[in-house]
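Welcome! Please keep the picture open as you read.

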Amino acid sequence: MSILSDQHSGRSGARDIPVWDPLVRLIHWSLLATIVVNGALTDVEGDLHEWVGYVALGLVAIRLVWAVVGPRPARFTAFPPNPMRAIRHLRAMRAGDDTVHLSHNPLGALMVYNIWATVLAIGVTGYMMTTLRFFGIDWVETAHELAFDWLMISVALHVAGVALDSWRSGVNLVRAMVSGSKRIPHGKNVE
Amino acid sequence: MKRAIWPADGKTRRATTLAAIILLQALCALFFIGDVVTDLLEGAAFVDLHFGVETLAAIALLIGVAFMMLELRLLLSRMDQMDTGLMIARGRMAEVMQGFFDDWHLTEAERDVAIMVLKGLDNTPIAEVRQTAAGTVRAQTTSIYAKSGTSGRPQFVSLFVEELMSGDFEVPPSTSPRALTESAR
């Protein structure tokens with residue numbers, strides 16, 4: 001009896017599953033804002049650059065705390081930093097498996113940790129440049145700039161990954177990071 | 001896009017606001033902690049009133065953040081449970097309907113019509129959907145009311161409402177929202 005079994009009537013079988021809580025989403029987009037502002041807009045010698053950098057550090061710090069105490073999809077346990085899982089995921093992808101992951105997919109999880117670590121590295125080296133001890137020391141500045149270049153590469157890969165996964169799985173991931181829920185097309189496996 | 005950035009639903013809106021405040025207050029807390037640490041490194045003492053107050057403010061902010069994070073988590077899990085409850089109710093409604101229809105020995109056609117009656121459709125649209133004459137539908141509904149022992153549409157509908165309201169739904173502890181969403185596929 002199709003009328004009875006249809007759980008989301010008028011939705012052509014797609015279902016919305018809440019995955020990203022508001023704090024995760026706010027941190028995500030705020031972090032993007034700090035990267036854009038500091039990468040393109042602020043004077044790198046100025047106070048504003050410094051403060052925006054501290055905010056970025058703070059955002060990652062808060063996210064790390066939330067990854068311990070937050071709801072399930074936001075927690076470390078939902079997306080462990082496990083390269084083996086990522087390799088398995090790649091293999092499954094090549095075999096045509098298009099299972100939808102409710103949290104980050106294993107490959108995306110690695111990118112998440114990579115971006116957090118890179119932002120932390122940029123923030124710490126940036127802070128070091130403001131201290132008397134490390135001021136004017138070349139390797140710190142080089143590390144700061146290299147880390148930023150790496151961040152740009154990472155962000156590009158991140159965006160490409162999101163586009164690829166959205167296209168493959170039919171779940172609009174950008175929309176999920178805005179509204180908080182993934183709209184899973186009918187008949188997709190969920191993990 | 002149905003769910004905009006600023007959600008209409010009260011609980012969702014509350015969660016968003018709470019998250020925003022957590023973010024702001026946590027950043028403030030980090031600022032104060034950084035300030036306190038710098039002062040400490042520069043040799044400040046807690047007996048200094050200004051420094052003492054600053055330290056206290058940092059601690060208070062941290063406690064506030066911790067509590068709000070807890071609160072947000074509770075709110076989110078309550079919202080999750082509400083979703084689960086709704087799904088159970090939907091599943092239960094389907095069960096109740098099936099059970100009644102079986103008891104009354106409704107024919108396939110009558111079941112279809114009964115569902116549409118419960119969904120609030122009048123005889124004319126039902127006839128259009130089923131591509132039959134309005135008279136046929138009238139005969140079918142009369143038969144449905146007779147078999148169910150009700151006097152007409154309002155009493156028929158209220159049978160189901162009453163059934164849903166009388167029994168308290170016990171939520172089995174094993175039905176996690178995850179398990180339910182899996183089974184809803």
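How many helices and how many strands does chain B have? Chain B has seven helices and zero strands. Keep in mind as you explore that this is a predicted model.

**Chain B as a whole**

- Reading from the N terminus, the elements of chain B follow the order α-α-α-α-α-α-α.
- Chain B is made of 185 residues, and 31% of them count as buried.
- Among the contacts in chain B with a separation of 6 or more, 61% join residues 24 or more positions apart.

- Look for B:Q140, which sits in helix α5 (residues 134-148) of chain B.
- Is B:Q140 buried or exposed? Its relative accessibility is 13%, and buried means under 20%, so B:Q140 counts as buried.
- Leaving aside residues up to four places away in sequence, B:Q140 touches B:A109, B:E110, B:V113 and B:R130.

**Two helices that meet in chain A**

- Now turn to helix α4 (residues 83-94) and helix α5 (residues 106-130) of chain A, whose axes come within 7 Å and cross at roughly 140°.
- Why are α4(A) and α5(A) called oblique to each other? Angles over 145 degrees would count as roughly antiparallel and those from 65 to 115 as roughly perpendicular; the crossing here is roughly 140°, and the two helices are therefore oblique.
- On the α4(A) side, the meeting residues are A:P83, A:R85, A:A86, A:H89 and A:L90, while α5(A) contributes A:P106, A:L107 and A:L110.
- Sorted by class, this contact of α4(A) with α5(A) has six nonpolar residues, one polar residue and one charged residue.

**Spans that UniProt labels "transmembrane region"**

- In chain A, an unreviewed UniProt entry lists residues 51-69 and 110-130 under this name.
- Residues 51-69 of chain A are 100% helix and 0% strand, with 27 Å between the end C-alpha atoms.
- Residues 110-130 of chain A are 100% helix and 0% strand, and their end C-alpha atoms lie 31 Å apart.
- For chain B, the UniProt annotation (unreviewed entry) covers residues 12-33 and 53-72.
- Residues 12-33 of chain B are 100% helix and 0% strand, with end C-alpha atoms 31 Å apart.
- Residues 53-72 of chain B are 100% helix and 0% strand, and 28 Å separates the end C-alpha atoms.

Conventions:
Residues numbered from 1 in each chain as written. Chains lettered and ligands numbered in written order. Predicted model: local features only at pLDDT ≥ 70, side-chain atom pairs only at ≥ 80, totals over all residues. Heavy atoms only, no water. Axes fitted to C-alpha atoms, helices over the stretch in contact; angles between N-to-C directions. Helix = DSSP H or I, 4+ residues; strand = E, 2+ residues; numbered from the N terminus. Parallel < 35°, antiparallel > 145°, perpendicular 65-115°, else oblique. Contact = heavy atoms within 4.5 Å. Nonpolar A, V, L, I, M, F, W, Y, C, P; charged D, E, K, R; others polar. Buried < 20%, exposed > 50% of the residue type's maximum accessible area, 1.4 Å probe, protein only. UniProt positions renumbered as here; feature names shortened; annotations may be inferred.
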